[in-house]
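Let's take a walk through this one together. Have the sequence and the 3D view open side by side, and follow along one stop at a time.

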Amino acid sequence: MVSYTPFTSSLQPPAHSTLSPSLPLPRSNWNTNRYYASSNAGQSTTHLANRQAFYRHRLIPNQLIDTNLRDTTTEIFGHRVSAPIGFAPIGINAIYHPSAELAVAKVAGELNLPYCLSTAGSTPIEAVGRANGAGNPRFYQLYMPHDDELTVSLLQRAWAAGFDALLLTTDTWQLGWRHDDVANSNYAFYRGIGADLGLSDPVFRRRCREAGIDVDTDKVAAATKWIDSVWHGRAWSWEKIPWLMARWREISGGRPFVIKGVQSVADARKCVEYGVDGIVVSNHAGRQVDGAIASLDALENIVHAVGDRIYVMFDSGVRGASDVAKALALGARFVFVGRLWVWGLSIMGEEGVRHVMKSLLADFDILMAVAGFNRVEDFDRDCLESYPKSYTLIPDRVL
């Protein structure tokens, strides 16, 4: 039986906390940086659809099932992990808390949950790998630069630091139109903040020298060049995928290559055709295309079409254990969460992340106990009652 003990008080340091009782608690960054964590594309209709899609599915509990020896563990890419729950990649963690990605990676290692480091990370790859701990499952999420040598450098660094699966995100060649970010001029890289993953890269540092930029003294210019090297300028096409897969497999000895951001059946079939190892069905939590299909609805369509031919994962809109269970029941083999842990990070750093994720694990364990499920594999289509799609409620904001 796998069990977890959530903290007994809301976001307060537990007895074993390393925070000194004589020091004030870390000041929250929530008020200043909540817009980036919570902002959505356009009118937030995709984000709203993500949440509403969960409401139309209802779990059917089983009674008189002996769940005393239930098992929340599962396997992903050769790693046996505590639950089918992972840390989705989120960039610029330094704007939420000074501990940034180091705190998040540390907690993921403690809990034996997969951690995904974003190319937009604010901490060098090598430091994040050390914080996550030897042998723990960690994956590298790539925003592919417009510079092949820089791409290869990032892959080599990730592999050397123990990141053994590559997730290429394909829905963010350009940031979506996010009203809150625009209104608050909330773009940290253009202020020289949070680009340390890129600024620590030897190829990128050479590119800066060639451009007359001193990375160590002009962080604003260097960070601006970094963001423009990775995102702005052009999108990639399917023709680039074989090259990237080949480079990663050469570097890693054949470890998994995943495409994140798949929302259509046609694209999922393309992934199978190209020999991709896995996909993450995701609409970037509603932050990229306003008015897009709900991620959970996309999952249902994609699993029906290719679920037996590729490893299907899911993210976007998850807020609790029942959401995880519903995604598994609809055919996802693994579920990533993002806003939950970044809110915890923003409120109370490492302890906030630990509290949120331990609570989510406890929620999932208890749900299995009281709903009559002994194994992750027990969640299937038969445990859901589903109602017609009806997304009519349009509030101003849905968290």
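Over which residues does pLDDT stay under 50? That would be residues 1–31, for which this predicted model has 58 contacts beyond four places in sequence. Where pLDDT is low, the predicted coordinates should not be read in detail. For the chain as a whole, pLDDT averages 89, and 89% of the residues score at least 70.

With that said, let's go to His284, which UniProt, in an unreviewed entry, marks with the feature "active site". You'll find His284 in the loop between β9 (278–281) and α12. Is His284 buried or exposed? Its relative accessible area is 15%, so His284 counts as buried, the cut-off being under 20%. Leaving aside residues up to four places away in sequence, His284 touches Tyr143, Thr169, Asp171, Thr172, Arg178, Lys260 and Ser316. Pick out Asp171 from that set: its side chain and that of His284 are joined by a polar contact of 3.0 Å.

Next come the charged pairs. Side chains of opposite charge can pair when their charged atoms come close. The count here comes to 24 salt bridges, and three of them will do for this tour.

Start with Glu300 and Arg56, whose side chains meet in a salt bridge at 3.1 Å, N to O. Glu300 sits in helix α12 (residues 295–306), while Arg56 is in the loop between α2 (45–55) and β1 (57–59), so this pair ties together parts that are 244 residues apart in sequence. As for accessibility, Glu300 is partly exposed at 22%, and Arg56 is buried at 10%.

Now look at Glu149 and Arg206, another salt bridge, with 2.5 Å from N to O. Here the link runs from helix to helix: Glu149 belongs to α5 (residues 148–160) and Arg206 to α8 (residues 202–210), so the pair ties together parts 57 residues apart in sequence. Glu149 is partly exposed, with a relative accessible area of 37%, and Arg206 also counts as partly exposed, at 27%.

Glu350 forms a salt bridge with Arg354, their closest N and O atoms being 2.5 Å apart. How many residues apart are they in helix α14? The answer is 4, so about one helical turn separates Glu350 from Arg354 within α14 (residues 339–371). Glu350 is partly exposed at 21% relative accessibility, whereas Arg354, at 6%, is buried.

Lys106 is one of the residues touched by Asn132, which is found in helix α4 (residues 125–132). Asn132 counts as buried because its relative accessibility is 2%, against a cut-off of under 20%. Beyond residues up to four places away in sequence, Asn132 touches Ala105, Lys106, Ala108, Gly109, Tyr115, Pro137 and Arg138. Which of these has a side chain in polar contact with the side chain of Asn132? Arg138 does, at 3.0 Å.

Technical notes. Residues numbered from 1 in each chain as written. Predicted model: local features only at pLDDT ≥ 70, side-chain atom pairs only at ≥ 80, totals over all residues. Heavy atoms only, no water. pLDDT = per-residue confidence, 0-100. Contact = heavy atoms within 4.5 Å. Helix = DSSP H or I, 4+ residues; strand = E, 2+ residues; numbered from the N terminus. Buried < 20%, exposed > 50% of the residue type's maximum accessible area, 1.4 Å probe, protein only. Polar contact = N/O pair within 3.5 Å; in protein donor to acceptor, adjacent residues only side chain to side chain. Salt bridge = Lys/Arg side-chain N within 4 Å of Asp/Glu carboxyl O. UniProt positions renumbered as here; feature names shortened; annotations may be inferred.
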